[in-house]
Amino acid sequence: MEQYPHSFPRAAEPPSGRGEPRLSYISKAQYSAEWNSNLHTHGCAELFFITDGHGRFRTRHEEFPVAIHDLVVVNANVLHTELSQVESPLEYIVLGVEGLEAMGGAKGYAMLHLHSGWRELTGCLELMLQEAVQARPGYQEVCRHLLAVVLIRLERQDELALGPEPSDPRASRECGLVRRYIDNHFKENLSLDQLARLAHVNKYYLAHAFRREFGTSPISYLISRRVEESRFLLRETDHSLSLIAQMLGFSSPSYFSQCFRRVEGVSPIEYRRRNAK
């Protein structure tokens, strides 16, 4: 059963800084026979906190398992759906948040298992639900502050990068151009100088603006995009580490392993072993 989403009208919320994430709705859902499993999109980012059961998330690109303590962040306008195991019904609380985006992946979503702080996060979420249901005076302000607490605690997770809505149109265009170029050419030998020439800006300005827009540097984003692709190759192919490093533009297998371990927390070999089919 899915509760009707509790929406937060834009006009009813007090003015805030430009680009500040804004809570659009909150809902709690549990798998039932009426569950809609069609791929769909939303006009804002969705944060799924899996509170019970087992299931899978499906996007246009892949499908992956989820269970309690997992967080899935799906960016605006990204096709996705949720699937549940019948014997272990999936439950989650979902936040619809405008002006927020998961960084570091061209596929438009991020998934993270929250090892610590889960009780505090779900406490905030349950209080947000209670405030939205009761709709007593000031509930929107309470929920706005609770959202800020949730996002701050998530930003402490090294494996997750959340970025606000861009506030500088010029920087947004330049950084968006660079990010799209990286998404389409991440297997090539790219440098900060080359990306700056592409955007017609100074490389130091680009590095600062890109980090402000997306929470990471252009080169770190490039590496994360390569590592994201390498996960698929490690799971779905038997290519050697040397070949994968070469295919994805890493200068050497050892540098590939170093970058992969920094992003994923394990070596490529260990990742492949854990995800062997």
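Trainee: How many bridges join E2 to E8, and in which sense do the two strands run?

Mentor: In this predicted model, eight bridges join E2 to E8, and the two strands run antiparallel. Within that pairing, Ala29 stands opposite Tyr92 in E8.

Trainee: Why is E8 described as largely enclosed by the rest of the structure?

Mentor: Seven of the eight residues of E8 are buried, and it is therefore described as largely enclosed by the rest of the structure.

Trainee: Which strands are the edge strands of the open sheet, and what makes them edges?

Mentor: The six strands of the open sheet follow the order E1-E2-E8-E3-E6-E10, with antiparallel pairing. Strand E1 (6-7) and strand E10 (109-113) are the edge strands, since each pairs on one side only. Elsewhere in the order, E3 (residues 45-52) and E6 (residues 70-74) run antiparallel and are joined by four bridges, with Phe49 standing opposite Leu71 in E6.

Trainee: Which helices pack on this sheet, and which strands do they touch?

Mentor: Helix H1 (residues 118-134) packs on the sheet and touches E1, E2, E3, E6 and E8, its direction making about 100° with that of E2. Helix H2 (residues 139-155) also packs on the sheet, where it touches E1, E2, E3, E6 and E8, and its direction makes about 80° with that of E3.

Trainee: How is strand E4 connected to E5?

Mentor: A hairpin joins E4 to E5 through three residues. Strand E4 (residues 54-59) and strand E5 (residues 63-67) run antiparallel and are joined by five bridges, and Gly55 stands opposite Val66 in E5.

Trainee: Gly55 is also among the residues that Ser84 touches; is Ser84 buried or exposed, and how do you know?

Mentor: Ser84, which lies in strand E7 (residues 80-84), has a relative accessibility of 18%; buried means under 20%, so Ser84 counts as buried. Not counting residues up to four places away in sequence, Ser84 touches Tyr31, His54, Gly55, Pro89 and Leu90.

Trainee: Why are helices H6 and H8 called roughly perpendicular?

Mentor: The axes of H6 (residues 218-236) and H8 (residues 253-264) come within 10 Å and cross at roughly 95°. Angles of 65 to 115 degrees count as roughly perpendicular, and H6 and H8 are therefore given that description. The contact is made by Ile223, Val227, Ser230, Arg231 and Leu234 of H6 and by Tyr255, Phe256, Cys259, Phe260, Arg262, Val263 and Glu264 of H8; by class, it has eight nonpolar, one polar and three charged residues.

Trainee: How do you know whether Ser230 is buried or exposed?

Mentor: Ser230 lies in helix H6 and has a relative accessible area of 0%; with the limit for buried set at under 20%, Ser230 is therefore buried. Leaving aside neighbours within four places in sequence, Ser230 is in contact with Ile244, Leu248, Phe256 and Phe260.

Conventions
Residues are numbered from 1 along each chain as its sequence is written. This is a predicted model: local features need pLDDT of at least 70, side-chain atom pairs count only at pLDDT 80 or more; totals for chains, interfaces and linings use all residues. Side-chain values use heavy atoms; hydrogens and water are left out. Axes are lines fitted to C-alpha atoms, for helices over the stretch in contact, and angles run from 0 to 180 degrees between N-to-C directions. Angles under 35 degrees count as roughly parallel, over 145 as roughly antiparallel, 65 to 115 as roughly perpendicular and the rest as oblique. Contact means heavy atoms within 4.5 Å. Ala, Val, Leu, Ile, Met, Phe, Trp, Tyr, Cys and Pro count as nonpolar, Asp, Glu, Lys and Arg as charged, and the others, Gly among them, as polar. Buried means under 20% relative accessible area, exposed over 50%, partly exposed in between (1.4 Å probe, protein chains only). Two strands pair if DSSP finds at least two bridges between them.
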